[in-house]
Amino acid sequence: MTLRGSHRLLAILRRCTASTQLVQRSSHTSSSHKGQDGGQDRQDGEQKGSGQWSFGWRSVVRFFVPFSLGAVASTLVINREELTPTIAARAMSSRRRDFNFIADVVAGCADSVVYIEIKDTRHFDYFSGQPITASNGSGFIIEQNGLILTNAHVVINKPHTMVQVRLSDGRTFPATIEDVDQTSDLATLRIQVNNLSVMRLGKSSTLRSGEWVVALGSPLALSNTVTAGVISSTQRASQELGLRNRDINYLQTDAAITFGNSGGPLVNLDGEAIGVNSMKVTAGISFAIPIDYVKVFLERAAEKRKKGSAYKTGYPVKRYMGITMLTLTPDILFELKSRSQNMPSNLTHGVLVWKVIVGSPAHSGGLQPGDIVTHINKKEIKNSSDVYDALADNSKTLDIVILRGVKQMHVTITPEDP
C-alpha cells in the first residue's frame, strides 16, 4: 500500500509540473502579443489574468487532496501495525494469567517458608566474627506466634550448635527447639515474633498419583526456591526404603528435592501443605512425610506442652559423623541401576550417603554425597541401623568401604563424641 501511494504521489507531481509550465508559456505568449498589438484593453488582460489564476488553484487542489488522503491512509496503516504487537502482548499476558497456576500457588504460600541455618558455636568467621554455618535446611510456619515445622535431622544433627531462622522478608531470629521425634524425623522450632504468615495444612489422604505438587525450600542455601512435579506414589512404605521403626507411608514425587529442601513444604495446587520434604534418592525420586502423619505428631507435642513436659534437649545423644543416609533396598537399587550406568551390577546392599555436612568428621574424612557405604570395620552395612550400631561401638575410628561410581575406595573417619 505504501508503494502504491508513492507512485500516485509521483504522478501528481508530474501533472502539477506540466500544468505550471503550461501556465508560464501562456503568460509569455500573452505578454508578447500585448507588446506587438499595443491596442488590447485592460479588461482582456484582467480576464486572461483571472483565467490563469483559476487554472493554478485547480492544480493546487489536485495536488493536496490526493496527498492528504494518502497521508491519512498511511497513518492508519502505521497505527494498525503499531497496535498488532500490543494485541499479541495482551493475548500472551492473558495466557500467562490463565495458565501459570504454579506461580499462583507460590504467591499464596511462599511467605510462610523459612530458611534454617545451623551455626557452629566453636568456629567463627574471620571477617564478621559470627559463627560459621555448619548446615542448613528449610521449614514453614504453622502458627502465627512463631511455631515452625521442619525435619529432626536438620536441627539436631550436630553438637555445639545454635539454630537461626531467616524469614522471607529477610529478618533473622534465634530459634529454640521445642519438640523432636527422631522416629518420624520431625521437629518444631519457636522464634519470638508474632503475626506471621501461616501455611495451611491440607489432607494427604486425598492425594492421587499424578497430582501436581510444588516443593518449596532453600536448596543449597538458595532461599525461596521452587520446584514442581507430580505425585508418583502415595503409599511408599518405610520398609521399602529400609527405614526401621517407622510406620510411615511416604509420598514419592519427582519434584526436585535437594539438600536444603529438607523440612520445607510439599504443597498442592490449593496452596496447602500435604507433606514435609524429607529425602532424595536420585533425580526424579524424592520422598516426603505425609501431612496427616505430621498432624498426629503436632497433636502429641501440643499435649506434652500442656502437661508441662516440653522438649528440653532430651533427645538421645549419639556419636556424630555428619551424614544423612538412605538404605538401598532392592527396589531402590533397581531404580538406581536403571537410571545410571555408573552403578555396579553386583551391588546388592549398602547405604546411600545423601548429604554430608561441611566441617563434619565425614566431610573431613573424604566422604561425599552419592557415595555408597558397603562395609564399616569389615562388617557389612545393609541398612542405616547398621551404621548407628557401628557408631555405638567403642572403636575410635571407622574404616569405611565405599563405592564412588564404579570405583571402590576406603576412607577413615573419626566420629565426634557427644
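Which residues of helix 3 (residues 101-109) are buried? They are Val105, Val106 and Cys109. These three cover an arc of only 95 degrees around the axis, which puts them on the same side of helix 3; the arc is that of the directions from the helix axis to the C-beta atoms. Asp104, Ala107 and Gly108, on the other side of helix 3, are exposed. Buried here means under 20% relative accessible area, exposed over 50%, partly exposed in between, with a 1.4 Å probe and protein chains only. Helices (H or I, at least four residues) and strands (E, at least two) are DSSP runs, numbered from the N terminus.

A word on the source. This is a predicted model, where local features need pLDDT of at least 70 and side-chain atom pairs count only at pLDDT 80 or more, while totals for chains, interfaces and linings use all residues. Residues are numbered from 1 along each chain as its sequence is written, and side-chain values use heavy atoms, with hydrogens and water left out.

Back to helix 3. The cover over its buried residues includes strand 1 (113-124), strand 8 (212-217), strand 9 (225-237) and strand 11 (265-267). Contact means heavy atoms within 4.5 Å.

Now the loop. Ser360 sits between strand 15 (351-356) and helix 7 (361-365). Ser360 is buried, at a relative accessible area of 1%. Its contacts, leaving aside neighbours within four places in sequence, are Tyr320, Met321 and Gly322.

For the whole protein chain, there are 8 helices and 19 strands, and 41% of the 418 residues count as buried.
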